[in-house]
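User: I would like a close look at one part of this model, followed by some context on the chains around it.

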Amino acid sequence: MQDVQKKIREEARNLLAARKVDLVIGFEKGTIPCRTSPVFVHKEDDVGKLVWNSFCEMNLATYLTKIDKNKKVAVVAKGCDSRSIVALLVEGQVKREKITVIGIPCQGMVDRRKIERKVEGEILEAEEENGKILVKGSSFEKVFKKEDYLYSSCRVCKHRNPSIYDILIGEKVKENTQVDEYADVIEYEKKSPDERWQYFEKEIGRCIRCYACRQACPTCYCEECFVDSSNPKWIDKGVDLSDLAIWHIIRAYHQAGRCVDCGSCERACPMQINLRFLTRKINKEVKDYFNFEAGLDPATPPPLATFSVEDRQDFIDSGEGVKETKL
Amino acid sequence: MKKISKKEMNKFIQSLMADYTILAPVNIEGIFFFKPVADFQGIDGEYKNSKKPPKEVFFPQTETMFKYKDGKVESTEKVKGKRILLGVRPCDARANLLLDNVFAGEDYEDIYYTNKRENTIIIGLACNEPSSTCFCSSFGGGPFSKEGLDILLIDIKDSYLVDTVTDKGGKILTGEFKEATDKEVKLAEKIKNEAEKKIKSRIRIEGIKEKLDAMFDDPFWDELSERCIGCGICSYLCPTCHCFDIQDEAKNSQGRRVRNWDSCMFPLFTLQASGHNPRPTGKERMRQRIMHKFNYFVENYKEVACVGCGRCIINCPVNIDIRKVLKKILTI
Amino acid sequence: MRNPYLPIPVKVGRVFVESEDKTLKTLDLLFLKKEDEENFKFMPGQFCEISVWGKGEAPFGIASSPTEKGFLRFTVNRVGVVTTALHYLKEGDEVGLRGPLGNHYPVDLFKGKNVVIIGGGFAFTTLRALTKYLLDFRQDFKDITVIYGARTPGMLLYKKELNKWQRREDLKVYITVDKGDGTWQGLTGFVPTIVEKVAPSPKDAYAVICGPPVMIKFTLPKLINLGFPPERIYTSLEMRMKCGIGKCGRCNIGRFYVCKDGPVFNCAQLEKLPKEY
Amino acid sequence: MKEKEPKILAFLCNWCSYAGADLAGVSRIQYPPNIRVVRVPCSSRVNPLFILKALQEGIDGVLVAGCHPGDCHYISGNYVARRKFAIIKSLLEYIGIEKDRVQFAWISAAEGARFAQVVKEVTEKVRRLGPAKKLVKSEES
């Protein structure tokens, strides 16, 4: 971790010194334990702020559609972040020549909430030492193995190495190709519709419409989101269950074939709603129906922007009767 | 100072359920919400503070103001039944007093809010274990402060000391309350001092308002708001934020007018029908949030609109820390 | 105690299309009950929140003067959901009304002084109320000058009334358009240039200016050059509003809420406020 | 009290399904009156938000009908729509909305009889589900 951090600072210094970029977006140390904060480095001598550890959980690609388009930007990108950049390139939201991707083969990010549930009292200090997280509180000191406390999105991640980069920091890591990433989705599908509806209503019932999931997601960049439209007003603005349901269904649906499952939405949600249970179902269908995974190839358009004559249509009554649709 | 064992406390609260709705911190998936409880088994040991501040009891996130059918209006400001809000932390109680400035103003009184305030008794729970993100003492509050509370409970292991703050609180304390012994009062005093020492972060507030007067166009705001992704967490979870939106929810001419929480961090907040937006980017909006709490509110109501509860620090997805912001402002 | 968010029912009276392209309509609202009208004490410059059932609520400046009894006049520019709904209303329909809200033009300061009223586009509503009020108490004021401009002759508000006012001797009225349309004989040119040409004297005078931000931006310096001190130039500002009573927190400029502490401010006040409007 | 007749919203593509419905009418073919028709230029004009808005307003069933693949007046409209419908249908079922609440069909302009048949089947399936409750916005909240 330490030499990755050192290399990031060097690369950032070179890029800024050579005027190749106007700014480098990376991570700096957080003000509270187990956290980092995105940082915009404009000047060479600030590169010392840049850090790298297992709490760099934010997907920095989300800033690329929020900053001034003509700025030349370098951005620190994990595997998932780089896939989001590819998704943005494919959709023409960022110009390739304006972006310098500092790719980092990712070892997975640590879920601080999982660790918090395993200790008595508040974590006051946290350090990371080759694969171990040491946390200290007023009445405890504990060590946790990083692998056991990764975010669920990192545990099922099959693309730890960046799919696009101008600079690669360190060696590529071994991809975790064996994991069955949709095992829990398949398990969940076995439940009865009413059970699934109860779980869905319980989860989205906690939503407070703060839109952190939308703002944290790189591929959620509409000028005017459908929830902000007043003419027509699709859904009302309150926390009524039916409006919350439609908000979450359509937000997930709009990420079909574009979501790289970085987990940024779930991490930003203050109410810890299981948001990925919707997006990963869609990612599974997109993989089954269209054999497509978002953010891997800048040349192939996302599935819902194109079509194929052989697409499945068993769920459509086209005269030969509707075959039993597998869920 | 009275005293009651925790077991009796549960029985006492149960007895009040006949004529009060009891709202207490309920643990849902590790997050605490103030919810009506049918049977009260004491406050969960893990309870530090609620995720959504208790302001939502007086100023709900979505509230029907009135219903209408073909022009006939039926207002819904009356509140059914009396309520007890149990387990409020001292910082949030102080925040309600700040909200009173806005909602219970002398020129226009927001009776939706004031009706709920009047018919709710607030029983606070002193903070024996403040968090590292708590800095209530920087604003004149403290883990055991009583402003805004009707009763303050102090947890001394197997019982509570009951400190009656207002007679509104006093009138519900019937029967079971014995006088606390000197030993118990001294123990409470010891816990109080330890709690106050546990609050490490001290933020200097004097001079912030004056600094902000002169720095409206300072590049500080660009640097601060660059990393902000523009969500509404810091305002929705803040106990002193009170901005709201009014919307009609209707089918043809039958429907209701609803008040929802709103946030100055959203572009829609000030977007005008002509398309002009006085606060077009995140910079102006972040500046408005800080200026309103630490400058405009001070000029209008002579108090800083922050109680140091730490919710915005813990919940900001990009870890923008208001303590760091306030320290930086003093250096400009 | 009264619920400040509850509108009173009023009926739509006369509806009159003001502009050729039909984006501007004037509606007269009639009180249903006598005491509603008695309780409704207002002064020129104040505004109301008008509710259209099922659509929502929006703020509109009162265009009629308190001296005009029995109705409240509003001119509505069709831009959004509520304003479009207002445009579909016919005589006899019922809407909700909340007000009077905000402060008003300081007419008592104007007493015994010259008054220069400068308006642009469809922002002439509260200025019409002010002018009508001054004319109904004409002897209390010295010279009154009205300078009002619009993009094209078709976009001018209250055309008949303007003609009547132009024929009065105790009032100097200058109507201009940015671009004439063949039959237009009056002045042409932007309001700031006309103000410079008319060059009203600042001695013992107050100015009131309302219009699109660009017009104010170029007219203010002209007034200052003519010698008008900032504290004698008043303007009415527009911000997005919801509650209209200083609670919902969105219409602030610095510490002031435009709905409660405004909408009328003098330029000395505005100079001290952050340029965020 | 006779149980309430299910209300079904039918998005019919102007070139095929709407013409099919027209043919059914012209040929005096009877079909249940439960559908309310919304004519759309192409099945790909149907935005999933339309379907969800209808379900929120309390409709009991939604039918989206368009041209058979290859017949689309706009060449690829129904091909693109097919992908959208595959995703939204599996997502709605996944979260617990009954399978038959939202149904899709390809009906050409010549299939008047089949149009009536599809409407009959859709109405039957929706009737069996009973009135819609999930996603419906409750008046009292």
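Leaving aside its neighbours within four places in sequence, which residues is Cys248(C) in contact with?

Analyst: This is a predicted model, in which local features need pLDDT of at least 70 and side-chain atom pairs count only at pLDDT 80 or more, while totals for chains, interfaces and linings use all residues. Residues are numbered from 1 along each chain as its sequence is written, and chains are lettered from A and ligands numbered from 1 in the order in which they are written.

Once neighbours within four places in sequence are set aside, Cys248(C) is in contact with Lys242(C) and Cys243(C) in chain C, and with Cys243(B), Phe244(B) and Ile246(B) in chain B. Contact here means that the C-beta atoms of two residues, placed from the backbone, lie within 7 Å. Cys248(C) sits in the loop between S12 and S13 of chain C. Strands are DSSP runs of E with at least two residues, helices are runs of H or I with at least four, and both are numbered from the N terminus. Cys248(C) has 23 C-beta neighbours inside 10 Å and therefore counts as buried; the cut-off for buried is 20 or more other C-beta atoms within 10 Å, with 12 or fewer for exposed and partly exposed in between, again with C-beta atoms placed from the backbone.

Cys243(C) is buried because 26 C-beta neighbours fall inside 10 Å. With neighbours within four places in sequence left out, Cys243(C) touches Cys248(C) and Ile246(B) by the contact criterion.

An unreviewed UniProt entry places the feature "binding site" at Cys243(C), Cys248(C), Cys251(C) and Cys259(C). These four span 17 residues in sequence, yet no two of their C-alpha atoms are more than 10.3 Å apart, so they gather at one spot. The UniProt positions follow the numbering used here, feature names are shortened, and annotations may be inferred rather than shown by experiment.

As for chain A, its secondary structure comes to 10 helices and nine strands. Of its 327 residues, 46% count as buried. The C-alpha atoms of chain A fill a box of roughly 70 × 50 × 45 Å along the principal axes. Among contacts in chain A with a separation of 6 or more, 66% join residues 24 or more positions apart.
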